[in-house]
Amino acid sequence: MKPAMETAAEENTEQSQERKGCFECCIKCLGGVPYASLVATILCFSGVALFCGCGHVALAGTVAILEQHFSTNTSDHALLSEVIQLMQYVIYGIASFFFLYGIILLAEGFYTTSAVKELHGEFKTTACGRCISGMFVFLTYVLGVAWLGVFGFSAVPVFMFYNIWSTCEVIKSPQTNGTAAVEQICVDIRQYGIIPWNAFPGKICGSALENICNTNEFYMSYHLFIVACAGAGATVVALIHFLMILSSNWAYLKDASKMQAYQDVKAKEEQELQDIQSRSKEQLNSYT
């Protein structure tokens, strides 16, 4: 009876140790996840997706509005159509690049987190790894500055559509007196420089302008440009977040390399001291 009880106790001890080992393994794995990089990656993907998706559709709607209402002659807006088409292709490239770049930065975050966690272990940082981290810091800084320009540029169509929408609201206002006053309220799209001054009609007034604001193309394009601008702003925030993470990780790697050099020198000195002591003992034994 006693051996059976001892066997059961040993089995329970082994099971508890296995559970404890599994729990410690899970905690260790969760501790190695770069949560800051993960949040920045999700924010970057979301911002780029909003900017590229909404911007692509909004540009197509803008071309439709111009062709139908502000520039009936195809030759007047031919250059603008080509530029918008080129911008749509650029959007495809931006989406592909940032999808790949976000994954690379997330992988770099995993690598650096592992280096920091194993700072006092057997992990060895290399000069190549530190150089790659520094390169990512510089590239992310350049991309952040570039996206600041993209964010400012994406606010331009929002400003244009807002002016048109606010003019339509003035037309709908009950304070507007009579048909003559309504027809004197106009929007001249040529003043923004997107179509030439000889474009016809170029300027829309009164009830015709109000009808434009009531179309689905205008409504969708206006709100999609707002969302695209918000997506560009989110991408800027994500890149700034990435820049802080990469700078911190690079500093950690630099400290880790110094710690490794110190430990190597210390280990070498201890080995030399042990060799000296062993030789001294051998000499004493030979004299005796």
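Visitor: Why is F98 called buried?

Guide: F98 has a relative accessible area of 4%, and buried means under 20% relative accessible area, with exposed over 50% and partly exposed in between (1.4 Å probe, protein chains only), so F98 counts as buried. This is a predicted model, in which local features need pLDDT of at least 70 and side-chain atom pairs count only at pLDDT 80 or more, while totals for chains, interfaces and linings use all residues. Residues are numbered from 1 along each chain as its sequence is written, and side-chain values use heavy atoms, with hydrogens and water left out.

Visitor: What makes F97 partly exposed?

Guide: The relative accessible area of F97 is 38%, a value that lies between the limits for buried and exposed.

Visitor: How many aromatic pairs does the whole structure hold, and why is the pair of F97 and F98 called edge-to-face?

Guide: The search finds 14 aromatic pairs. Rings of Phe, Tyr and Trp (its six-membered ring) pair if their centres lie within 6.5 Å, and planes under 30 degrees apart count as stacked, over 60 as edge-to-face and the rest as tilted. The ring centres of F97 and F98 are 5.3 Å apart and their planes stand at 90 degrees, so this pair is edge-to-face.

Visitor: What makes the pair of F161 and F225 tilted?

Guide: For F161 and F225 the centres are 5.5 Å apart and the angle between the planes is 45 degrees, which puts the pair in the tilted class. F161 belongs to helix α4 (residues 127-172) and F225 to helix α7 (residues 216-287), 64 residues apart, where helices (H or I, at least four residues) and strands (E, at least two) are DSSP runs numbered from the N terminus.

Visitor: How do you know that C168 and C213 form a disulfide?

Guide: A disulfide is a pair of cysteine sulfur atoms within 2.5 Å, and the sulfur atoms of C168 and C213 are 1.8 Å apart.

Visitor: Why is the disulfide of C186 and C205 called right-handed?

Guide: The torsion about the S-S bond of C186 and C205 is about 105 degrees, so this disulfide is right-handed. C186 lies in strand β1 (residues 186-188) and C205 in strand β2 (residues 203-205), so the pair links parts that are 19 residues apart in sequence.
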